[in-house]
Amino acid sequence: MGKHSSRYKNSPLAVMQPRNRREVLFLVGVLLIATFFVVRVSQFRSLTPRANTITAVLSTTQVVHRNHGTDGDDEPTAVFTEVFIDSGSGEGFRRPRKQSEAQVKYDSQRKSLLDKSKADTLPVNSKVSDNSKTGVVSRNNKLSTEGNKSDTTSDSVQRRAEAETRKFTNELAMAAVPKNVSKSEPGSGSIDLKPTWEQASKRTDARAAKQDHGGQAVDTDKLLPAQVVKQQNKSLSSQGVQKASSMQKQAEEAASSKLILPSLLDPTEVVLPNQMKGQPQGQQKTTSQASPPPAPVIRQRITGVPNDFDWQTYLLYNPELRDKGIGTQQQAEDHYVRVGYTEGMIYKRLRVLLRYTACTGLINQHYSHIAAFSLCAVLGAELVLPPAVKRDSFAHYFSVFKEHNEVKWTPAPLESLLNVDKIVEFWRGRGLTVHRTPSLLPFPDLTQPELAYPMYPQPEIDPRLIARIDDVYLRNLDMPELIEKARIAVIGHAAKLLKQDPGRTIDYIVLDMPCTFFMLRSLSNLRVVTEVARSLEFSDKVTELADRVIHGMTMAGKYEYNAVHLRIEKDARDWSQIMGGEEVVWNGYVTSMLQAGFTSDLVLYAASGLLTYGANDEMDHLIGTLKDAGLCKDVHYKELYIPQAELEELNSEQKALVDFMVLSRGRGFVGFGSSTFSFYLREYRVLSGIPRSSSVLVDASVIGTDPLFNSAGTVI
């Protein structure tokens, strides 16, 4: 090619002027590739709904709703097909929605049962059932594609959608009736599972012709090739004709039956009764058959309220009604008749059983009990006691992250820590029912306490009546917030059940909660929390062991003693690191002991998990340090008064409880500020009548737990 003209020499268009043959070929190739992509995009757009596409989801069979699972959700048991109709061009196409594995399994089972059927095949010249029964339509009724292309009105869109609905319904309905005999083997026992639309149309037209002739039978053989009809007629004896007539009657019954698919959530092998009629006596297979799903509930209006209608409870459980100006008995009754009945709104007090999990260490479990009992006391609900929990060793590191956690938690009888008999009796006198622990196992994973819902079996509990509250672990909620969460969970679940079946009787609702540790801000209802804390008495067995230690240490009460909780075990190393190291923690203890007035005049009872895993040298070093600092006359601990064999019979939390009871009676007490054990021990001493000023906690505010402890851990 020649050089660029001067006109384009300095213009961006100069690059478009090819200089040689190579550039010409390159540009031609680029144009061909671009053209190819344009064509492909155009083809793709013709098959893809545009932004203004109307999407209609059409059912191919009857939709039957049935309750499934514990939440009672409605699940349609049907097959769906998506029909996309482009409102711009009027073109439409259908795309079957991908079926679930359960649906595919059901279809496979159903086809297998049809193949195994020994029923004789319906002859091709027999009479056919009515069009309204079989659901078969003539080919003349198929959707006209040309009309779709030209007609773009909303009416045409609706007509096309209806036509597609009928077409897809007919395809599935044909699977419910016996098919024509294969042309290659007329009169044989095989069933043609792939009927053609021509055969379906001819059956329908033949039935219509019969009706036109005053009910007289018309020879439908004329609708098929003459050669085939002649061959089939020769193969049919008089006995075969009678048998064919009998089979035709069964076919009409089968066609009139509605096809109902099994639950997609609980697939079971189902054989429709009418499909089994064709089998000879004695050859029918015994097949597990699911009970037919109940018909959809028709909620009719009522003319009056039930005899047990409680209008105050109705307004209490549905507080939004007061915002609408409904506040009197007559208004509440009128609203229930007009709206409440069909909406499943609760009108009388429900029996609520609260179940929860107590998690991790001794006092964390205790705070879990306090929160759950406080909520039940306010709601008037019944309470199911959970198992206690024990750890394998204080030497193992505990973390809520599985990859770091070393502690193994296992359930134990709650009686090992609490006096269950006294607790049940105490709350019975106050109108609150407390149920004992149903079982220890299975037990949830405590490395995820926010998800540790109760898992123990209760055969008498209907799983459909279980509601759940989530997001309560460490949430520090005010009592009104907690009550509202419980109300929404209980009333919402009951309303869902009643909305599905207004005539249903709900005897109770089970309210399941995960670990309830620090879910309640105790300061929001301190009076109830205080009463609950006083009611939770500890095990008599552990209390007797603590009394034995105190008796030996004080010479039967002649002398006093101070008490310290040394939270310096291996499972507390995170706190030490946050505060700057073990030396910082130890200096904090010395400062707090001096502040509490510890002197060398009294013995000191030290509670620590060091001796539980053989850290004797470390414990001896601490004892020497305390004596040298003039903070005690001597250091005592439970291992000096309880034989080792007897201690080994106790689990980890029972040993901790022995220490707790001994520490609670010391003249002065020093604990660690970020330990729930130390914090609650100070509260417990106040409950026992000992001044709060006698207890001093090591300053651990740098860890950041002080605000939570003060608002959720205070009990008096």
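1. Is Gln329 buried, partly exposed or exposed? Gln329 is partly exposed, since its relative accessible area is 41%, where buried means under 20%, exposed over 50% and partly exposed in between, for a 1.4 Å probe and protein chains only. The residue has its place in helix 12 (residues 329-343), helices being DSSP runs of H or I with at least four residues and strands runs of E with at least two, numbered from the N terminus. Between the C-alpha atoms of Gln329 and Leu315, which lie 14 residues apart along the chain, the separation is 9.4 Å.

2. A word on the basis of these points. The model is predicted, so local features need pLDDT of at least 70 and side-chain atom pairs count only at pLDDT 80 or more, while totals for chains, interfaces and linings use all residues. Residues are numbered from 1 along each chain as its sequence is written, and side-chain values use heavy atoms, with hydrogens and water left out.

3. In helix 14 (residues 420-428), the buried residues are Val420, Ile423, Val424 and Trp427. They line one face of the helix, because they fall within an arc of 95 degrees when seen down its axis, the arc being that of the directions from the helix axis to the C-beta atoms. An α-helix has 3.6 residues a turn, so residues three or four places apart point the same way. The buried residues of helix 14 pack against helix 13 (362-379), strand 10 (434-435) and helix 16 (526-535), with contact meaning heavy atoms within 4.5 Å.

4. Two of these partners, helix 13 and helix 16, also pack against each other, at an angle of about 120 degrees and with their axes 9 Å apart; axes are lines fitted to C-alpha atoms, for helices over the stretch in contact, and angles run from 0 to 180 degrees between N-to-C directions. The contact is made by Ile370, Phe373, Ser374, Ala377 and Val378 of helix 13 and by Val528, Val529, Val532 and Ala533 of helix 16.

5. On the side of helix 22, Ala656, Phe660, Met661 and Leu663 meet Phe677, Tyr680, Leu681, Tyr684 and Arg685 in helix 23.
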